Amino acid sequence: MTDSEYFITPDDVESQLFDWGVLKWLSTPDVTGGERFSAGVVKLEPGKGHERHSHPDSDEILFVIQGEGEQEVADQTRDISAGEMVFVPEGVEHGTVNTSWEPLLLLAVYAPPGPEEVLRDLPECEIVPPGELPTPENVEE
């Protein structure tokens, strides 16, 4: 394994750009070679969120790095803030909304990996190349 597989910066990986925010997958089988999990940073813009969804074959944890939001898991909803972790078992519907004026930053981990590729393939996902700012004008053609 080379240094570049051990130490990953946000500029080393592409951005998945959505109308609600940005995803940066810093550990995936393609990036690090690790096959047991994927991990990335999710940035939800103020007032934005994504629809309830599930990952049929992967557990997910969400660790709140910065900001505040509202998290739904199954039939439970609660406010979340920096320092908290949410566990979402495989197949359970969940959704997140940023309820504050600042970006909501989350560390998302899937075990096993896979949902990050599903997100990449969604029609509303725009890919911004590594090293470029995740803005609409930098979307790959």
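The exercises below work through the core, strand pairing and pockets of a predicted model.

The model is predicted, so local features need pLDDT of at least 70 and side-chain atom pairs count only at pLDDT 80 or more, while totals for chains, interfaces and linings use all residues. Residues are numbered from 1 along each chain as its sequence is written, and side-chain values use heavy atoms, with hydrogens and water left out.

**Exercise 1. Decide whether Val41 is buried, partly exposed or exposed, and list its contacts.**

Step 1. Val41 is in strand β3.

Step 2. Its relative accessibility is 25%, so Val41 counts as partly exposed.

Step 3. Leaving aside neighbours within four places in sequence, Val41 is in contact with Val22, Leu23, Lys24, Leu26, Leu105 and Leu106.

Step 4. Ser100 lies 59 residues from Val41 along the chain, and their C-alpha atoms are separated by 18 Å.

**Exercise 2. Work out how many bridges join β4 to β9 and β5 to β8, and in which sense they run.**

Step 1. Two strands pair if DSSP finds at least two bridges between them.

Step 2. β4 and β9 run antiparallel and are joined by seven bridges; Ile61 stands opposite Val109 in β9.

Step 3. β4 also pairs with β7 in the antiparallel sense, over four bridges. The bridge partner of Phe63 in β7 is Met85.

Step 4. β5 (residues 68–73) and β8 (94–98) are antiparallel, with five bridges. Glu70 has Val97 in β8 as its bridge partner.

Step 5. Four of the five residues of β8 are buried, so β8 is largely enclosed by the rest of the structure.

**Exercise 3. State which residues are closest to the centre of the largest pocket and of the second largest pocket.**

Step 1. On a 1 Å grid over the protein atoms alone, a pocket is an open set of points where a 1.4 Å probe fits, with protein on both sides within 12 Å along at least five of seven lines; lining residues have an atom within 4 Å of a point. Grid points are joined across faces, edges and corners, and the volume is the space filled by probe spheres set on the points.

Step 2. The largest pocket holds about 580 Å³ of space. It is lined by 27 residues, of which His50, His53, His55, Leu119 and Leu122 are the closest to its centre.

Step 3. The second largest pocket holds about 230 Å³. Among its 15 lining residues, Val22, Lys24, Lys43, Glu45 and Pro134 are the closest to its centre.

Notes. Helix = DSSP H or I, 4+ residues; strand = E, 2+ residues; numbered from the N terminus. Buried < 20%, exposed > 50% of the residue type's maximum accessible area, 1.4 Å probe, protein only. Contact = heavy atoms within 4.5 Å.
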